[in-house]
Amino acid sequence: MKANLTIFLFFLTLFSLEINAQESVYQDGESLKFRMHYGFVTAGYATLDIEEKTLKGKEVFHIKGYGVTTGMTKLFFNVEDRYQSYVEKGTDRPLRFVRKINEGGYKKDLRIDFNHENQQATISDFKYDKTTVASFPKDAQDMVSAFYYLRNNLDTKNIKVGHEEDLDMYFDKGVHKFKMKFLGRETLKTTFGQVPCLKFRPYVEAGRVFKEKESLTVWVSDDQNKIPIVIKADLAVGSLKASLSEFRGLKHSFRIIVD
(Lines give C-alpha, C1' and ligand atoms only; values in the text may rest on other atoms or scores of the structure.)
Protein backbone atom coordinates (compact mmCIF):
# COMPACT_ATOMS: atom_id res chain seq x y z
CA MET A 1 0.00 0.00 0.00
CA LYS A 2 2.98 2.31 0.43
CA ALA A 3 3.03 2.89 -3.32
CA ASN A 4 -0.07 5.11 -3.67
CA LEU A 5 0.13 8.92 -3.80
CA THR A 6 3.88 9.34 -3.45
CA ILE A 7 4.48 7.01 -6.39
CA PHE A 8 2.12 9.04 -8.56
CA LEU A 9 3.92 12.32 -7.93
CA PHE A 10 7.18 10.48 -8.48
CA PHE A 11 5.93 9.11 -11.83
CA LEU A 12 5.42 12.61 -13.17
CA THR A 13 9.16 13.31 -13.11
CA LEU A 14 10.61 10.54 -15.26
CA PHE A 15 11.36 12.73 -18.31
CA SER A 16 14.19 15.05 -19.55
CA LEU A 17 15.73 16.96 -22.51
CA GLU A 18 18.47 19.58 -22.94
CA ILE A 19 17.56 22.99 -21.49
CA ASN A 20 16.41 25.74 -23.87
CA ALA A 21 15.10 29.13 -22.78
CA GLN A 22 11.67 29.58 -24.31
CA GLU A 23 8.11 30.57 -23.56
CA SER A 24 6.49 28.19 -21.12
CA VAL A 25 3.60 26.00 -22.29
CA TYR A 26 2.05 26.24 -18.80
CA GLN A 27 1.06 29.30 -16.80
CA ASP A 28 0.06 30.83 -13.49
CA GLY A 29 -3.23 29.35 -12.27
CA GLU A 30 -2.98 25.96 -13.94
CA SER A 31 -4.45 23.20 -11.78
CA LEU A 32 -4.65 19.44 -12.35
CA LYS A 33 -6.47 16.88 -10.21
CA PHE A 34 -6.09 13.11 -10.44
CA ARG A 35 -8.12 10.24 -9.04
CA MET A 36 -6.08 7.32 -7.72
CA HIS A 37 -7.90 4.00 -7.96
CA TYR A 38 -7.57 0.24 -7.71
CA GLY A 39 -10.17 -0.88 -10.24
CA PHE A 40 -13.39 0.90 -9.28
CA VAL A 41 -12.18 1.64 -5.74
CA THR A 42 -10.91 5.20 -5.18
CA ALA A 43 -7.71 5.16 -3.13
CA GLY A 44 -7.06 8.89 -3.03
CA TYR A 45 -6.47 12.09 -4.95
CA ALA A 46 -3.47 14.11 -6.10
CA THR A 47 -3.27 17.71 -7.29
CA LEU A 48 -0.70 19.88 -9.08
CA ASP A 49 -1.07 23.67 -8.93
CA ILE A 50 1.05 26.50 -10.36
CA GLU A 51 1.54 30.03 -9.02
CA GLU A 52 3.94 32.74 -10.18
CA LYS A 53 6.31 33.98 -7.46
CA THR A 54 9.75 35.50 -6.85
CA LEU A 55 12.50 33.53 -5.09
CA LYS A 56 15.91 35.00 -4.33
CA GLY A 57 15.25 37.81 -6.79
CA LYS A 58 14.32 35.45 -9.63
CA GLU A 59 10.93 34.93 -11.24
CA VAL A 60 9.74 31.37 -10.71
CA PHE A 61 6.79 29.07 -11.12
CA HIS A 62 5.88 27.73 -7.69
CA ILE A 63 4.53 24.23 -8.35
CA LYS A 64 2.69 22.52 -5.50
CA GLY A 65 1.87 18.82 -5.45
CA TYR A 66 -0.45 17.34 -2.86
CA GLY A 67 -1.53 13.72 -2.38
CA VAL A 68 -3.88 12.16 0.15
CA THR A 69 -5.59 8.80 0.66
CA THR A 70 -9.34 8.69 1.19
CA GLY A 71 -12.12 6.35 2.36
CA MET A 72 -11.19 2.81 3.37
CA THR A 73 -7.66 3.26 2.07
CA LYS A 74 -7.11 6.05 4.58
CA LEU A 75 -8.27 3.79 7.42
CA PHE A 76 -5.67 1.15 6.54
CA PHE A 77 -2.89 3.44 5.35
CA ASN A 78 -3.10 7.18 5.98
CA VAL A 79 -1.05 9.25 3.53
CA GLU A 80 -0.63 13.01 3.29
CA ASP A 81 2.21 14.11 1.02
CA ARG A 82 3.24 17.62 -0.01
CA TYR A 83 5.77 18.44 -2.71
CA GLN A 84 6.89 21.86 -3.91
CA SER A 85 9.25 22.96 -6.66
CA TYR A 86 10.34 26.51 -7.49
CA VAL A 87 11.24 26.49 -11.20
CA GLU A 88 13.16 29.42 -12.71
CA LYS A 89 11.40 30.97 -15.68
CA GLY A 90 13.28 30.70 -18.97
CA THR A 91 15.65 27.92 -17.87
CA ASP A 92 13.27 25.33 -16.36
CA ARG A 93 15.84 24.71 -13.60
CA PRO A 94 14.69 24.01 -10.04
CA LEU A 95 15.88 26.54 -7.47
CA ARG A 96 14.20 24.92 -4.48
CA PHE A 97 12.51 21.60 -3.79
CA VAL A 98 10.40 20.75 -0.73
CA ARG A 99 9.27 17.27 0.27
CA LYS A 100 7.09 16.90 3.36
CA ILE A 101 5.43 13.50 3.61
CA ASN A 102 3.63 11.34 6.15
CA GLU A 103 2.92 7.81 4.94
CA GLY A 104 1.46 5.73 7.72
CA GLY A 105 3.92 7.24 10.20
CA TYR A 106 6.88 7.25 7.83
CA LYS A 107 7.87 10.92 7.63
CA LYS A 108 10.24 13.14 5.68
CA ASP A 109 10.61 16.92 5.94
CA LEU A 110 13.29 18.11 3.51
CA ARG A 111 14.16 21.25 1.60
CA ILE A 112 16.80 21.39 -1.13
CA ASP A 113 18.17 24.71 -2.39
CA PHE A 114 19.98 24.40 -5.73
CA ASN A 115 22.92 26.58 -6.76
CA HIS A 116 23.35 25.85 -10.47
CA GLU A 117 26.42 28.07 -10.83
CA ASN A 118 28.57 25.85 -8.62
CA GLN A 119 26.31 22.75 -8.80
CA GLN A 120 25.94 22.60 -5.03
CA ALA A 121 22.75 21.64 -3.22
CA THR A 122 22.00 22.69 0.36
CA ILE A 123 19.81 20.03 2.00
CA SER A 124 17.87 21.05 5.11
CA ASP A 125 16.47 18.07 7.00
CA PHE A 126 13.95 19.56 9.42
CA LYS A 127 13.05 16.20 10.93
CA TYR A 128 16.57 15.80 12.28
CA ASP A 129 17.49 19.53 12.40
CA LYS A 130 20.46 18.94 10.13
CA THR A 131 21.91 20.78 7.11
CA THR A 132 24.33 19.32 4.58
CA VAL A 133 25.84 20.43 1.27
CA ALA A 134 26.39 18.12 -1.72
CA SER A 135 27.15 18.37 -5.43
CA PHE A 136 24.70 17.50 -8.20
CA PRO A 137 25.06 16.94 -11.99
CA LYS A 138 24.63 19.75 -14.48
CA ASP A 139 20.98 20.38 -15.41
CA ALA A 140 19.66 17.97 -12.76
CA GLN A 141 15.96 18.18 -11.96
CA ASP A 142 13.96 17.44 -8.84
CA MET A 143 10.98 15.08 -8.48
CA VAL A 144 8.44 17.68 -9.62
CA SER A 145 10.34 20.10 -11.88
CA ALA A 146 11.32 17.37 -14.37
CA PHE A 147 7.73 16.91 -15.54
CA TYR A 148 7.35 20.61 -16.29
CA TYR A 149 10.74 20.59 -17.97
CA LEU A 150 9.44 17.89 -20.30
CA ARG A 151 6.36 19.91 -21.16
CA ASN A 152 8.46 22.87 -22.29
CA ASN A 153 11.17 20.98 -24.17
CA LEU A 154 9.99 17.68 -25.59
CA ASP A 155 9.74 17.75 -29.40
CA THR A 156 6.61 15.63 -29.75
CA LYS A 157 6.28 16.25 -33.48
CA ASN A 158 9.54 14.51 -34.35
CA ILE A 159 9.87 11.92 -31.58
CA LYS A 160 10.16 8.35 -32.91
CA VAL A 161 8.89 5.09 -31.45
CA GLY A 162 11.62 3.41 -29.41
CA HIS A 163 13.41 6.67 -28.59
CA GLU A 164 14.87 6.62 -25.07
CA GLU A 165 15.71 9.49 -22.72
CA ASP A 166 17.97 9.48 -19.65
CA LEU A 167 17.54 11.81 -16.68
CA ASP A 168 19.56 12.88 -13.67
CA MET A 169 17.33 13.70 -10.71
CA TYR A 170 18.43 15.00 -7.33
CA PHE A 171 16.32 14.32 -4.23
CA ASP A 172 16.65 12.74 -0.78
CA LYS A 173 20.32 13.72 -0.56
CA GLY A 174 21.42 11.87 -3.68
CA VAL A 175 21.46 11.56 -7.47
CA HIS A 176 19.04 9.13 -9.08
CA LYS A 177 19.22 8.04 -12.73
CA PHE A 178 16.16 7.05 -14.74
CA LYS A 179 15.37 6.09 -18.29
CA MET A 180 12.15 6.08 -20.30
CA LYS A 181 11.07 4.88 -23.75
CA PHE A 182 8.54 6.38 -26.16
CA LEU A 183 6.06 3.65 -27.16
CA GLY A 184 3.95 5.54 -29.68
CA ARG A 185 0.62 7.31 -29.97
CA GLU A 186 -2.73 6.08 -28.69
CA THR A 187 -6.20 7.59 -28.23
CA LEU A 188 -7.75 7.00 -24.79
CA LYS A 189 -11.40 7.05 -23.86
CA THR A 190 -11.81 9.39 -20.87
CA THR A 191 -14.58 11.21 -19.03
CA PHE A 192 -13.78 14.23 -21.21
CA GLY A 193 -14.04 12.32 -24.49
CA GLN A 194 -11.46 10.67 -26.76
CA VAL A 195 -8.01 12.13 -25.97
CA PRO A 196 -5.02 11.62 -28.34
CA CYS A 197 -2.00 10.69 -26.20
CA LEU A 198 1.73 10.04 -26.24
CA LYS A 199 2.57 6.74 -24.55
CA PHE A 200 5.75 6.31 -22.46
CA ARG A 201 7.37 3.46 -20.54
CA PRO A 202 9.59 4.69 -17.69
CA TYR A 203 11.96 2.02 -16.40
CA VAL A 204 11.62 1.43 -12.66
CA GLU A 205 13.36 -0.74 -10.12
CA ALA A 206 11.72 -4.15 -9.71
CA GLY A 207 11.25 -5.53 -6.22
CA ARG A 208 9.34 -4.25 -3.21
CA VAL A 209 6.87 -2.02 -5.08
CA PHE A 210 6.91 -2.95 -8.77
CA LYS A 211 6.58 -6.41 -10.30
CA GLU A 212 9.29 -5.72 -12.87
CA LYS A 213 11.23 -2.79 -14.31
CA GLU A 214 8.69 -2.31 -17.13
CA SER A 215 5.66 -2.15 -14.83
CA LEU A 216 4.81 1.50 -15.44
CA THR A 217 2.99 3.14 -18.38
CA VAL A 218 2.20 6.86 -18.75
CA TRP A 219 -0.13 8.50 -21.28
CA VAL A 220 0.42 12.26 -21.87
CA SER A 221 -1.88 14.49 -23.95
CA ASP A 222 -0.65 14.82 -27.53
CA ASP A 223 -1.07 18.60 -27.68
CA GLN A 224 0.82 21.70 -26.54
CA ASN A 225 -0.14 21.13 -22.91
CA LYS A 226 1.45 17.67 -22.53
CA ILE A 227 -0.45 16.90 -19.34
CA PRO A 228 -0.75 13.37 -17.91
CA ILE A 229 -4.06 11.69 -18.72
CA VAL A 230 -3.59 8.19 -17.28
CA ILE A 231 -0.77 6.54 -15.33
CA LYS A 232 -0.89 2.78 -14.81
CA ALA A 233 1.41 0.80 -12.51
CA ASP A 234 1.56 -2.96 -12.03
CA LEU A 235 2.60 -3.19 -8.39
CA ALA A 236 3.68 -6.09 -6.23
CA VAL A 237 0.29 -5.84 -4.49
CA GLY A 238 -1.97 -5.18 -7.51
CA SER A 239 -2.54 -2.59 -10.23
CA LEU A 240 -2.87 1.13 -9.52
CA LYS A 241 -4.16 3.83 -11.87
CA ALA A 242 -4.15 7.62 -11.75
CA SER A 243 -6.66 9.31 -14.05
CA LEU A 244 -7.06 13.02 -14.76
CA SER A 245 -10.39 14.01 -13.22
CA GLU A 246 -10.33 17.83 -13.28
CA PHE A 247 -8.31 20.61 -14.90
CA ARG A 248 -8.37 24.38 -15.19
CA GLY A 249 -6.15 27.25 -16.28
CA LEU A 250 -4.48 25.45 -19.20
CA LYS A 251 -2.55 27.82 -21.44
CA HIS A 252 -3.45 25.94 -24.62
CA SER A 253 -6.55 24.16 -25.89
CA PHE A 254 -7.00 20.64 -24.57
CA ARG A 255 -7.26 18.37 -27.60
CA ILE A 256 -10.39 16.23 -27.25
CA ILE A 257 -12.25 14.21 -29.88
CA VAL A 258 -15.92 14.48 -28.94
CA ASP A 259 -17.89 11.23 -29.37
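Is tyrosine 26 buried or exposed? With a relative accessible area of 1%, tyrosine 26 is buried, where buried means under 20% relative accessible area, exposed means over 50%, and partly exposed lies in between, as judged with a 1.4 Å probe on protein chains only. The structure is a predicted model, in which local features need pLDDT of at least 70 and side-chain atom pairs count only at pLDDT 80 or more, while totals for chains, interfaces and linings use all residues. Residues are numbered from 1 along each chain as its sequence is written, and side-chain values use heavy atoms, with hydrogens and water left out.

**Confidence**

- The mean pLDDT of the chain is 86, and 86% of its residues reach 70 or more; pLDDT is the predictor's confidence in each residue, on a scale from 0 to 100.
- Confidence in the chain is lowest in helix H1 (residues 4–11), with a mean of 51, and highest in strand E3 (residues 58–69), at 97; helices (H or I, at least four residues) and strands (E, at least two) are DSSP runs, numbered from the N terminus.
- The pLDDT is below 50 over residues 12–21, a stretch that has 43 contacts in the model beyond near neighbours in sequence, where contact means heavy atoms within 4.5 Å.
- Residues 206–212 also have pLDDT below 50, and beyond near neighbours in sequence this stretch has 23 contacts in the model.

**Aromatic pairs**

- The whole structure holds 11 aromatic pairs, counted when rings of Phe, Tyr and Trp (its six-membered ring) have centres within 6.5 Å, with planes under 30 degrees apart called stacked, over 60 edge-to-face and the rest tilted.
- The ring centres of tyrosine 26 and phenylalanine 61 are 4.9 Å apart and their planes lie at 65°, so this pair is edge-to-face.
- This pair links distant parts of the chain, since tyrosine 26 is in the loop between H1 and strand E1 (31–38) and phenylalanine 61 is in strand E3, 35 residues apart.
- Phenylalanine 61 counts as buried, at 6% relative accessibility.
- Phenylalanine 247 and phenylalanine 254 also form an edge-to-face pair, with 4.9 Å from centre to centre and 80° between the planes; phenylalanine 247 is partly exposed, with a relative accessible area of 31%, whereas phenylalanine 254 is buried, at 13%.
- Ring pairs also join Tyr26, Phe61, Phe147 and Tyr148 into a cluster.

**Helix H3**

- Helix H3 (residues 145–153) is mostly covered, with 9 of its 9 residues buried.
- Among the buried residues of H3 are Phe147 and Tyr148, two residues that also belong to the ring cluster with Tyr26 and Phe61.

**Charges over rings**

- Lysine 33 lies over the face of tyrosine 45, at 4.7 Å from the ring centre; a charge sits over a ring if NZ of Lys or CZ of Arg is within 6 Å of the ring centre and within 35 degrees of the ring normal.
- The charged end of arginine 96 sits over the ring of tyrosine 86, at 5.8 Å from its centre.

**Loop residues with positive phi**

- Aspartate 92, in the loop between strand E4 (79–88) and strand E5 (94–103), has a positive phi of about 60° although it is not a glycine, and at 5% relative accessibility aspartate 92 counts as buried.
- Glutamine 119, in the loop between strand E6 (106–115) and strand E7 (120–125), has a positive phi near 55° and is likewise a residue other than glycine; glutamine 119 is partly exposed, with a relative accessible area of 29%.

- Glutamate 88, in strand E4, is buried, with a relative accessible area of 12%, and, not counting residues up to four places away in sequence, glutamate 88 touches Lys58, Glu59, Val60, Arg93 and Leu95.
- Phenylalanine 77, in the loop between helix H2 (71–76) and E4, is 27 residues from glycine 104 in sequence and 5.5 Å from glycine 104 in space, C-alpha to C-alpha.
- Phenylalanine 192 is found in the loop between strand E10 (174–190) and strand E11 (193–202), and at 25% relative accessibility phenylalanine 192 counts as partly exposed.
- Leaving out residues up to four places away in sequence, phenylalanine 192 touches several residues, including Phe247 and Phe254, the two partners of an edge-to-face pair.
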